[in-house]
Amino acid sequence: MTEKLVEIKDLEISFGEGKKKFVAVKNANFFINKGETFSLVGESGSGKTTIGRAIIGLNDTSAGEIIYDGQKINGKLSNEQRKDVIRKIQMIFQDPAASLNDRATVDYIISEGLHNFKLYDNEEDRRNKVKDMINQVGLLEEHLTRYPHEFSGGQRQRIGIARALIMEPELVIADEPISALDVSVRAQVLNLLKKLQAELGLTYLFIAHDLSVVRFISDRIAVIYKGVIVEVAETEELFRNPIHPYTRSLLSAVPIPDPLLERDKELVVYDPDQHDYSTSKPYMAELRPGHFVWGNDAELANYRKA
Ligand code: ATP
């Protein structure tokens, strides 16, 4: 039986007021099962980070609900509830150089959350927790006294991962965790994330713009276009049967390893004007079991026929 850890219902996130109001995310609907890797994929500026930040409470929401383990976590929360959410949901950022305090030692950086939340009994306990964690991410105890700038990009991301996981989170939001890294170390960091997920029973929300990366790590994928989730499906189902025209376009741009096929393939161009929503409004519909697509009645009827 799969259990839902996160449910996003008709979520809207906007910035600014009145004439300046900009709706970055609208009508978002999806859920994340316990223990899975769920990826949010879309081009730059589509609203992926905005959704991730809303889940950890860094962005306010203007409509809809974020349910975590059965409890609504957007809007007003008691201090106790907010603290609980902040510990249970941790984030790993794209650029480890920018997200680590360069004047602090690795020991300090990894311990900061433990201090803030009093998650250790005494100094010895704290040190043991930090030592265990640094080993789990493939670094050494002697690294603890050093500073972030003394490490490579891949190592710094390992420090970022240790800082997040020492909080013993349930959900980890990894926002483009390998995009800023050298190609040569990307696979190592992905494998590390996979290994830690299995060992610690973590649930991942993975944010990425590159479909070929998420294919290998995701159980399910949501595709987002200009703030609207247009399709959600299990990974292989999405790659085999993409339905929404934007997903089809995104998939057509993924390189094929065979040079002959790659040369002859046709890129699908997405034209957002093809949708006429003036009279019939779109909504998220389950077209096949577990496969959700955004469209109005006429479009969904066509997608069902295809
Ligand atoms: P990227 O991959 O470039 O990070 P993204 O899909 O994560 O892209 P977001 O960072 O979520 O996109 O941004 C979505 C939209 O919301 C963008 O148009 C962005 O300019 C806007 N936006 C994000 N944060 C704010 C803010 N604090 N104030 C105003 N607009 C914002």
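Modeller: Pairing comes up a lot, so terms go at the start: two strands pair if DSSP finds at least two bridges between them. Helices (H or I, at least four residues) and strands (E, at least two) are DSSP runs, numbered from the N terminus. This is a predicted model: local features need pLDDT of at least 70, side-chain atom pairs count only at pLDDT 80 or more, and totals for chains, interfaces and linings use all residues. Residues are numbered from 1 along each chain as its sequence is written, and side-chain values use heavy atoms, with hydrogens and water left out.

Colleague: OK. Which residue in β4 is the bridge partner of glutamate 7?
Modeller: Isoleucine 67. Strand β1 (residues 4-15) and strand β4 (residues 63-68) run antiparallel, joined by five bridges.

Colleague: What's the strand order in that open sheet of four?
Modeller: β2-β1-β4-β5, with antiparallel pairing. β2 (22-33) and β5 (71-72) are at the edges; each has a single partner strand, so one side of each lacks a neighbour in the sheet.

Colleague: Which strands does helix α1 touch?
Modeller: β1, β2 and β4. Contact means heavy atoms within 4.5 Å. Helix α1 (residues 48-55) packs on the sheet, and its direction makes about 115° with that of β1. Axes are lines fitted to C-alpha atoms, for helices over the stretch in contact, and angles run from 0 to 180 degrees between N-to-C directions.

Colleague: Now the eight strands. What order do they take?
Modeller: β6-β7-β8-β3-β9-β10-β12-β11, an open sheet with mixed pairing. Its edge strands are β6 (89-92) and β11 (283-288), each pairing on one side only. Neighbouring strands are turned by 20° against each other on average, direction ignored.

Colleague: How many bridges join β6 to β7?
Modeller: Four, and the two strands run parallel. One of the partner pairs is glutamine 90 with valine 172 in β7.

Colleague: Switching to serine 111. Buried or exposed?
Modeller: Buried, at 1% relative accessibility. Buried means under 20% relative accessible area, exposed over 50%, partly exposed in between (1.4 Å probe, protein chains only). Serine 111 is in helix α4 (residues 106-117). Leaving out residues up to four places away in sequence, serine 111 touches Arg126 and Val130.

Colleague: And at what angle do α4 and α5 pack?
Modeller: About 120°, with their axes 10 Å apart. The α4 side of the contact includes Ile110, Ser111 and Leu114, and the α5 side includes Arg126 and Val130.
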